[in-house]
4 protein chains.
Amino acid sequence: MEVFDKLESEVRSYCRNFPTVFTKSKGSKMWDESGKEYIDFFSGAGALNYGHNDPKMKQKLIEYITDDGITHSLDMASTAKGQFLTKFYEAILNPRNMDYKVMFPGPTGTNTVESALKLARKVTGRTDVISFTNGFHGMTIGSLSVTGNSFKRKGAGIPLHNSVTMPYDNFMDDNYDSLDYLEHFLEGSGSGVAIPAAVILETVQGEGGINAASSEWLQRVEKICKQWDILLIVDDVQAGIGRTGTFFSFEPAGINPDIVCLSKSLSGYGLPLAVTLIRPDLDIWEPGEHNGTFRGNNHAFVTATAALEYWEDANFEAGIKKKSKMVADFLESMVENYPELEGHVKGRGLMIGISSSVEGLAEKVAAEAFSRGLIMETAGPDDEVFKLFPAINIDEDELKAGFEIIEESIKSMVKEPISN
Amino acid sequence: MEVFDKLESEVRSYCRNFPTVFTKSKGSKMWDESGKEYIDFFSGAGALNYGHNDPKMKQKLIEYITDDGITHSLDMASTAKGQFLTKFYEAILNPRNMDYKVMFPGPTGTNTVESALKLARKVTGRTDVISFTNGFHGMTIGSLSVTGNSFKRKGAGIPLHNSVTMPYDNFMDDNYDSLDYLEHFLEGSGSGVAIPAAVILETVQGEGGINAASSEWLQRVEKICKQWDILLIVDDVQAGIGRTGTFFSFEPAGINPDIVCLSKSLSGYGLPLAVTLIRPDLDIWEPGEHNGTFRGNNHAFVTATAALEYWEDANFEAGIKKKSKMVADFLESMVENYPELEGHVKGRGLMIGISSSVEGLAEKVAAEAFSRGLIMETAGPDDEVFKLFPAINIDEDELKAGFEIIEESIKSMVKEPISN
Amino acid sequence: MEVFDKLESEVRSYCRNFPTVFTKSKGSKMWDESGKEYIDFFSGAGALNYGHNDPKMKQKLIEYITDDGITHSLDMASTAKGQFLTKFYEAILNPRNMDYKVMFPGPTGTNTVESALKLARKVTGRTDVISFTNGFHGMTIGSLSVTGNSFKRKGAGIPLHNSVTMPYDNFMDDNYDSLDYLEHFLEGSGSGVAIPAAVILETVQGEGGINAASSEWLQRVEKICKQWDILLIVDDVQAGIGRTGTFFSFEPAGINPDIVCLSKSLSGYGLPLAVTLIRPDLDIWEPGEHNGTFRGNNHAFVTATAALEYWEDANFEAGIKKKSKMVADFLESMVENYPELEGHVKGRGLMIGISSSVEGLAEKVAAEAFSRGLIMETAGPDDEVFKLFPAINIDEDELKAGFEIIEESIKSMVKEPISN
Amino acid sequence: MEVFDKLESEVRSYCRNFPTVFTKSKGSKMWDESGKEYIDFFSGAGALNYGHNDPKMKQKLIEYITDDGITHSLDMASTAKGQFLTKFYEAILNPRNMDYKVMFPGPTGTNTVESALKLARKVTGRTDVISFTNGFHGMTIGSLSVTGNSFKRKGAGIPLHNSVTMPYDNFMDDNYDSLDYLEHFLEGSGSGVAIPAAVILETVQGEGGINAASSEWLQRVEKICKQWDILLIVDDVQAGIGRTGTFFSFEPAGINPDIVCLSKSLSGYGLPLAVTLIRPDLDIWEPGEHNGTFRGNNHAFVTATAALEYWEDANFEAGIKKKSKMVADFLESMVENYPELEGHVKGRGLMIGISSSVEGLAEKVAAEAFSRGLIMETAGPDDEVFKLFPAINIDEDELKAGFEIIEESIKSMVKEPISN
């Protein structure tokens, strides 16, 4: 680790929780330089939903590179990009009766969010955007202004503007309806809150603590947006691409966002790629009004096209659902069997975790699990949640092996379980 | 092109100037789907300084992928990242007596700029940043606020704040000294301009019209920054990595920026990668205060490490200089031989072009060249410059072949050359 | 009225509701140029709490002018200012055990609010200020940014920043505790709401619709501010100087604001005057850091000093309370006797009115009353409240005469009262 | 002075330079509580251009108060306001062929500036305003954002936005044409400076150091504004109402601003009053879109109406010009006779002073003059100017008496004059 201490900025973070040098990976396994093996329940914070180095994608990528396919193309037309667009239409949009134009805004999550905010402001001529408590949308100034986390916001070094934070589903306790609050502010002409250009939300908040909004809540947000002619932006960067069981996280709620942000697992292989999906009549961009050097990352187009083929298999979603149930059952049993956790299960699909009321416990469990060979992250404003983000196509055996490590870690932390 | 028209957003831009579907590339050649061959004098707007699909990098990358090397690692330590850091230190920093910490801010140019601005504000506790006319630093709100282009700025949809634009070298005519102006505003306690956190600049402005600042101007900017305790940020995203003849564009001026932004050609292969170089004592980031999903793009680390080896060859810079002279001589001859161009040569190294006073002519020449098999971009606020961005390791024969196409294109546009 | 139509800007407003030219006034009576007499239940929107042209103040003012007393003194020391300061200390601060430094910020309400916001930001080093729904604090950009009214805010022509609006007491219905929201947003490190420099509030919102906060609510706000080290600013411009029954409106709640804003009736005679009261340890202003031409309006000092003498009479407050009860009883009887009003009584002290659910009815009643010789304003985001703002020292006979006109006006608007 | 030290905020400023308690004043004389007499060359920083307690205005005001004329009327129509409007039209606008609507924006300078900025943004739909180095426009956030002084700006406690500062006439030395800069920034589509809603300027900068723009400069600003469809706002709060020799300071330049801000000496008597003059077709305010409690300060209307009568006398302007010449000649002689001042004369009309290169000398001269019975202020970013602001109708004898005190003060400061 010496070279990193000496040469890399203090801003590095995950390497402090997972203090080893990783060298190889395959599926849900990773190996460090000493040869130690890890089960990966982290999945690159949602960027490796299909696991590491998927063999099909790998083969296509090697072939493409070998053949000297175009690597970098800005926003020029390329064969690989054409194939990605076609596959995205055929495997994803068309079967879901979705009609969106695809924008390549730069290859990262914050790029797609910034492009969405810009477009919403251009379309509506309004400046404000409503976001929600504990929302996370990225670290560039535009995205940061709609992000809730106070530590990240303070990092901006300037006051962040043109955004209003409203309470997310269940931000207050059950006696408070967060959308009554939103509606009251929109309706009141003396509320200090202007009708915004857009509402931006995650259906499940990843960084914010694995908070899952109910379908009813999402449907009512959509209805409020329609009523006030506000654009609805779903930031599906972390919850999308199968993480919650369906390609888009909002499919179960049956809502139709005006703009959708995708990145992380879109390339399938962990390569940088992002798209902004735009309701066709909102696609009023001037050519070049938003741009970026790495919009045409063709290696990512190649692996993304291969990844999308998974979704053409009708059984693929069923597999995620089955594993989701396994994980949920396991976590519920942990909460029940280890009351010392003072925990409750949060989340949806394979974006799920245990929130512990014991200060620091979630972090201790995750650290213990790491030493036992499992990679697992914490989340939430106080890192009070340890979260399970296994690959959506993980083997059931690997899943169970991971469960065992987690239980052992919990056990060793809480000392005396009630039963086992 | 049909699939792009149907599915892709109207924001696409380069594909309108280069209306074909590219499929393969090697060195300074590209081929479209019809098999037509192009010489590339565009180099991915500076992201392909070593040409396309460099064989050495290609081999390393295929090996790495074949061996299931880690692909995506956020900011965890990985073997490939460690090798990149080591090589960057040995081949670049150490030989130049430079002492910087390396931050991975997300893989794009705008990410490194946003991280630099944040850090400068955190370090100084000040909010404003001074940038220069015709500067271009990226399209997310933080970077856009220090970008000069009014079309891009308007795209923000909100007023852009915390920045002041000062005249770049030669923004006014020769009778005006742009740094007298800057100094006067800094000195005047009634000038409305606060002492800023940082000054951010490009040594040669790419998007802004291939404007090259003199070494004297850069040295005086550095001196002013020192005097007022202002951080100097050099955005070397486009002018760096050899484009002007040295690895960093500011080497000939002998200045020592406090923060340096690198991206575009850093990976060598056109893969997304960016770093922010930070004077060690300024590295006061808290862990995770800036983050991003694709900070650990290991494929890019692999190719970048291979690319940096070029710089260990003492003859490498000499080769760029030789080609720079060939290009400059050629462009000067064009200006002389084709007075109808009303042109003058601008730029430095292989970041050079002809600014034509004839409205629309630069664009016509570029379009004609494209039809004749050469890819070349225009730049400047009114696209008045056609610019030559060949690979820095281009063959001399390819270079000359490109010259021929350009001259033919000019000739056909201006009709009657004075001499040939 | 012709001269006004021809020469005065369209921005004029009250003259449209009270379309006549006023020429004389005395106590609670006004006369227009045709000689028509009006009872004044409007009191200059709270600037004439002691009625018009109070004889004692008038005499003092004429003497002062006759003697060539200093009229205008910026912030130089003057005899009249010294007398005002002394009287303010002796009659107001000292008897209430209050310890404040007195700042003269310019003679209007928005001036005192702007100075309070500046100081709070300087003292805390924070930028945001929390204000409340339907709050009104003034029309200059700083004050407007903490004002709720969307029509007024839009008039800024720029996005308003550095403020967050929280729900005022009873903004949501009774099932929601508005301070639970505030606390939740302050506590949540992912709430998007930073700890602010200050909370600014009116204890009774005048322009916002005569919304009176409960003492419990005010006490809890104070407690929250203390807990988070947030400054509490009470904007007592409209509710202060006796309007609600005590000199400061917050006396019954027993709270101790860090900063208090006073203006409107401070001079007693309707002359422009404002002060900002500052907890002594917060008085860290540099000399001249805030200034203004009309800080030393000595005519206003003279009348203000005379006005403050009223408060040395122990019976003065009792008189306001008695009239407050008369007004409240009258309004309750109106609501009861005229169910067609669909009204309910709102407010506190002599800052009280009837909110009618019948669209436009409040305005019709006020217009009818005007034609019958009574001046009365509407308030609230939809002008749904007609409000009674009689002088706090009005004769009981005048008060009753006003009641009669109001009842006649209501009657003629709702046609068939249930009983009379 | 004890009561002020004990009770008044530390923000007080002039009373530190003029440390006595003033009690009476008449014409150009003031008396303190000890009976000491002062000649006033300060004129309330431009608010007392007609001297103190002018007998004609005094008589009208006493009559009005005695008759119980309306004192406070918000923006209702009143007899006194009608008379003011009529007189303003007849004595000022009509003889100058000026066509403006009159807005009453609240009674202070910063109120009229805030209203002007709002209206310019509303009319144009643009957000930015261009102001000039060393401009001073007021202390509320909107006005402060177009004010140059860094100490005042910092007092805001928040970053100030939506404004760009350009160099005022002669801000750079004589080799630089400040409007070449402005034009270059407006023309350049990459300059980072958007076409603004308005340009705001003072024709002579008072607080900024008695900088007088040339007529040619003002005319070219007007031309540039016309060319780019930018509104021209002249802030004539300090330079207007006769201070430079004509009612409006811009009359000699022959320009026609779109909006004019007036306050300070408008009431004639030192009472708070301000108006915003609006080109009729720009008067698109909605009723009440800007408001304020003290827009209808009728005492000020009464004295202002009387004051405007001076301008009906053709000799009035000639008198100001004569005294202006006397002052200018005197100051030039001081510069010549006392080279130790290292001074040069700045300004125009009776807004004139000596800028001394000797650090602290201007302040010393002013302090010495005060002790000898003359009130005179310093100005400029470093208080390097002592400025003469006598009443525009001052007696020649008083003027000469003041000159003597100044010369004695200079003499005693520089010790050995070259000649006398």
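1. Let me start with chain A, where the C-alpha centres of domain 1 and domain 2 lie 25 Å apart. Domain 1 of chain A is made of two stretches, 2-54 and 315-414, while domain 2 covers 58-312. Across the boundary between them, 34 residues of domain 1 of chain A are in contact with 34 residues of domain 2 of chain A. Please keep in mind as you read on that this is a predicted model.

2. Next, the cavities. Searching the whole structure turns up five cavities of 30 Å³ or more, and the largest cavity has a volume of about 360 Å³. Its lining consists of 27 residues, and those closest to the centre are Gly292(C), Thr293(C), Phe136(D), Gly138(D) and Lys264(D).

3. Thr108(D) is worth a look on its own. This threonine sits in the loop between strand S5 (101-103) and H6 of chain D. Is Thr108(D) buried or exposed? Its relative accessibility is 5%, and the cut-off for buried is under 20%, so Thr108(D) counts as buried. The side chain of Thr108(D) makes a polar contact of 2.9 Å with the side chain of Asn111(D). Beyond its neighbours within four places in sequence, Thr108(D) is in contact with Pro107(C), Thr108(C), Asn111(C) and Phe294(C) of chain C, and with Ser263(D) and Ala274(D) of chain D.

4. Asp283(C) also has partners in both chain C and chain D. You will find Asp283(C) in the loop between strand S13 (275-278) and helix H11 (298-308) of chain C. Asp283(C) counts as buried because its relative accessibility is 8%. A polar contact of 3.1 Å joins its side chain to that of Lys101(C). With neighbours within four places in sequence left aside, the contacts of Asp283(C) are Lys101(C) and Ile278(C) in chain C, together with Glu8(D), Ser9(D) and Glu10(D) in chain D.

5. Over in chain B, Tyr269(B) lies in the loop between strand S12 (259-262) and strand S13 (275-278). Tyr269(B) has a relative accessible area of 0%, so this tyrosine is buried. Which residues does Tyr269(B) touch, not counting those up to four places away in sequence? From chain A there are Ile65(A), Thr71(A) and His299(A). From chain B, the residues touched by Tyr269(B) are Leu48(B), Asn53(B), Asp54(B), Met57(B), Lys58(B), Leu61(B) and Thr303(B). With Asn53(B), Tyr269(B) makes a side-chain to side-chain polar contact of 3.4 Å. Leu61(B) is 208 residues away from Tyr269(B) in sequence, yet their C-alpha atoms are 9.6 Å apart.

6. Ser178(B) belongs to helix H9 (residues 178-187) of chain B. With a relative accessible area of 6%, Ser178(B) is buried. Leaving out neighbours within four places in sequence, Ser178(B) is in contact with Pro167(B), Tyr168(B), Asp169(B) and Trp217(B). Met334(B) is 156 residues from Ser178(B) along the chain, and 30 Å separates their C-alpha atoms.

7. Most residues other than glycine have a negative phi. Glu342(C), however, has a positive phi, near 45 degrees. This glutamate lies in the loop between helix H12 (315-337) and strand S14 (343-348) of chain C.

8. Asn134(D) is another residue that is not a glycine and has a positive phi, about 65 degrees. Asn134(D) is found in the loop between strand S6 (129-132) and helix H7 (141-144) of chain D. Asn134(D) has a relative accessible area of 13% and is therefore buried.

9. To finish, helix H13 of chain D (residues 361-371). The buried residues of H13(D) are Leu361(D), Ala362(D), Val365(D), Ala366(D), Glu368(D), Ala369(D) and Phe370(D). After H13(D) comes Gly373(D), with a positive phi near 95 degrees.

Methods
Residues are numbered from 1 along each chain as its sequence is written. Chains are lettered from A and ligands numbered from 1 in the order in which they are written. This is a predicted model: local features need pLDDT of at least 70, side-chain atom pairs count only at pLDDT 80 or more; totals for chains, interfaces and linings use all residues. Side-chain values use heavy atoms; hydrogens and water are left out. On a 1 Å grid over the protein atoms alone, a cavity is a set of points where a 1.4 Å probe fits but cannot get out, and a pocket is an open set with protein on both sides within 12 Å along at least five of seven lines; lining residues have an atom within 4 Å of a point. Grid points are joined across faces, edges and corners, and a volume is the space filled by probe spheres set on the points. Helices (H or I, at least four residues) and strands (E, at least two) are DSSP runs, numbered from the N terminus. Buried means under 20% relative accessible area, exposed over 50%, partly exposed in between (1.4 Å probe, protein chains only). A polar contact is a pair of N or O atoms within 3.5 Å; within protein, one must be able to donate a hydrogen and the other to accept it, and residues adjacent in sequence count only if both atoms are side-chain atoms. Contact means heavy atoms within 4.5 Å. Domain bounds come from an automatic or database domain assignment.
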